[in-house]
Amino acid sequence: MNVAVSAKVNPDLQTVTAVTHWTDRLFSFRVTRPQSLRFRSGEFVMIGLEGDNGKPILRAYSIASPAWDEELEFYSIKVPDGPLTSKLQNVQVGEQIILRPKPVGTLVHDALKPGKRLWFLATGTGFAPFASLLREPETWEKYDRVVMMHTCREAGELEYGRKLVEDLSSDPLIGELVDGKLHYYPTTTRDESQYKGRITDNLVNGQVFADLGLEGPLLPERDRAMVCGSLAFNKDVAAVLDGFGLEEGSNSAPGDYVIEKAFVGDGI
Ligand code: FAD
Ligand code: A2P
């Protein structure tokens, strides 16, 4: 299937350089980076394809690659009847996508006050901004410890994140910075795997601290967090973090934690 779009209709075209399918619901791909695009690791942009009527179908996507990378990476869901992803899932190397080079977002270091321990809390494709931030040197320079909690229903859905985390230690740019600082906690809620349970439960019942040998609980004077998942997840995690005394921040008023939606749910 040809999903390429014509340069005449859209000037913001980038060429796909790699595609990896992780499960029947998840894939990642890389595209060329516009020379003019500057972004902070953790931000998102609008990307898309030309629709059948010639109008672009654009959706928000976290940039999964770090700010220093020559290319851009994205990690995507495949929604069977989704206007964009029903087509985007068929994209091939050499084809083009639309990319609007206006990055925005709150999952950025500037939106957090200084701290010692940084928690990345993600469900599903909410891992994408952390794929960027885990490869960002500033993450490792600013914090003594970084805890990556990623939860999915099934084990296969954790693979993109698992591979990325595994590859960090051999990364020529940040491998040494990461050494001994990263605590990875992948959990499933409907499949058997090493660690189980929802992020909210594992934070409240202390399981994550026990499993990783970390000091609990979360403290405003020590811990910072970035959160990315469904609206329900974000709401429940915010309540947990508030309960530990952490305060939400933003680009204009840095705080102890920041939140971004991983997607806009049905009817919301
Ligand atoms: P849509 O009509 O957009 O969505 C149809 C339905 O599918 C939604 O109502 C929802 O129930 C479900 N859905 C959509 N996206 C997801 C998802 N990611 N995970 C689970 N269910 C979903 N999507 C990504 O895959 N990767 C990203 O990095 C990403 N970053 C985003 C950042 C922001 C700030 C926002 C608001 C959304 C982001 N999304 C991301 C979601 C994305 O914008 C689209 O919704 C998604 O690509 C599906 O597009 P679609 O046109 O096929 O279906
Ligand atoms: P669960 O299987 O217990 O619902 P989804 O695919 O529905 O977006 O969920 C992705 C992951 O996030 C699942 O492991 C799911 O756990 C978990 N999850 C969904 N909603 C919440 C929530 N409100 N709080 C904590 N975890 C959640």
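Hi everyone, let me start with a serine: S41 is buried, at a relative accessible area of 5%. Buried here means under 20% relative accessible area, while exposed means over 50% and partly exposed is in between, with a 1.4 Å probe and protein chains only. S41 lies in the loop that joins β2 (26–32) and β3 (44–50). Strands are DSSP runs of E with at least two residues, helices are runs of H or I with at least four, and both are numbered from the N terminus. From S41 to L134 the gap is 93 residues in sequence, and their C-alpha atoms are 9.0 Å apart in space.

A quick word on the ground rules. This is a predicted model, where local features need pLDDT of at least 70 and side-chain atom pairs count only at pLDDT 80 or more, while totals for chains, interfaces and linings use all residues. Residues are numbered from 1 along each chain as its sequence is written, chains are lettered from A and ligands numbered from 1 in the order in which they are written, and side-chain values use heavy atoms, with hydrogens and water left out.

Now to ligand 1. Which residues come nearest to ligand 1? Of the 21 residues around it, those are A60, Y61, Y75, T85 and T125. A residue counts as near when one of its heavy atoms lies within 4 Å of the molecule or strand. By class, this shell has 12 nonpolar, six polar and three charged residues. For those classes, Ala, Val, Leu, Ile, Met, Phe, Trp, Tyr, Cys and Pro are nonpolar, Asp, Glu, Lys and Arg are charged, and the others, Gly among them, are polar. Strands β4 (56–62) and β5 (71–77) each supply at least two residues of the shell, and β4 gives the most, with four.

What about polar contacts? These are pairs of N or O atoms within 3.5 Å; within protein, one must be able to donate a hydrogen and the other to accept it, and residues adjacent in sequence count only if both atoms are side-chain atoms. A polar backbone atom of S62 is 3.2 Å from a nitrogen atom of ligand 1. Oxygen atoms of the ligand come into two further pairs: one is 3.5 Å from a polar backbone atom of P83, and one is 3.4 Å from a polar backbone atom of V264. On its own, ligand 1 has 860 Å² of accessible area, and the protein covers 84% of it. Those areas come from the Shrake-Rupley method with a 1.4 Å probe; for residues, only the protein chains shown count as cover.

On to ligand 2. Its surroundings include T123, T151, F233 and D236. Backbone or side chain: which part of T189 meets an oxygen atom of ligand 2? A polar side-chain atom does, at 2.6 Å.

Finally, N202, in helix α6 (residues 199–204), is buried, with a relative accessible area of 4%. N202 and T187 are 15 residues apart in sequence and 9.6 Å apart in space, C-alpha to C-alpha. Thanks, everyone!
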